[in-house]
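Please open the structure in a viewer and keep the selection tool at hand. The stops below are meant to be visited in order.

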Amino acid sequence: MHPVIDILAGLPSVIYGMWGILVIVPFISNHLAPLLGIKSSGYTILAGGIVLAVMCIPYILNMLIEVFNTIPTGLKEASLSLGATYWEMVKHVVIRKGIPGIISAFGLGIAKAFGETMAVMMVVGNLIQTKPHLFDAGYPLPALIANNYGEMLSIPLYDSALMFAALLLFTIILIINLIFRYFIYKTNKYE
């Protein structure tokens, strides 16, 4: 599975977007929405979330594999030699020793998800809604910036609004990173 995870983590986001258009959007439109009694085109916030989850999971898994590979074999073997079962060794040695790396992997995965543009832009519908519903189209912040930045530079107020959107996105990702950094600090403090 490791080579498959490596390949999935390295795929460009536009390929995930095409997969979302060909598989996820029709599934939501033809099967999931009618099953729930909802009429939907399939280009929804839910489709964007599914594609984003499938994109970020291999990235997070790759980092987790590297974290688990850094744990010394001697620690694992010492735990087993003292009579721990395999699962007790995983729980008390591998996870406890790797918890800062585990938290970092999830933090980076979530921060990456907030910045993804292309795949989400392809399946989410790009429609501004004031009360978004899971089965309605949406317009994520990175897509707003990517769709409008090149052609609206001549209008100063619109340019300022797009710069503010970029600052807002940067601030959100910075806050997420700081929160995860705090969790890492707290776990390292109690080791």
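This is a predicted model: local features need pLDDT of at least 70, side-chain atom pairs count only at pLDDT 80 or more; totals for chains, interfaces and linings use all residues.

Residues are numbered from 1 along each chain as its sequence is written, and side-chain values use heavy atoms, without hydrogens and water.

Select residues 13–35, helix H2; helices are DSSP runs (H or I, at least four residues) numbered from the N terminus. At Ile28, H2 bends by about 45°, the angle between axes fitted to the seven residues ending there and the seven starting there. Ile28 is also one of the buried residues of H2, which include Tyr16, Gly20 and Ile24; buried means under 20% relative accessible area, exposed over 50%, and partly exposed in between (1.4 Å probe, protein chains only). After H2 comes Gly37, with a positive phi near 75°.

Turn next to the rings. The whole structure holds three aromatic pairs (Phe, Tyr or six-membered Trp rings with centres within 6.5 Å; planes under 30 degrees apart are stacked, over 60 edge-to-face, the rest tilted). Tyr86 and Trp87 form an edge-to-face pair, 5.5 Å centre to centre with 85° between the planes; Tyr86 and Trp87 are both exposed.

Finally, select Phe180, Tyr182 and Phe183, a cluster linked by ring pairs. Tyr182, at 46% relative accessibility, is partly exposed, and Phe183 is partly exposed at 41%.

Technical notes: Helices (H or I, at least four residues) and strands (E, at least two) are DSSP runs, numbered from the N terminus.
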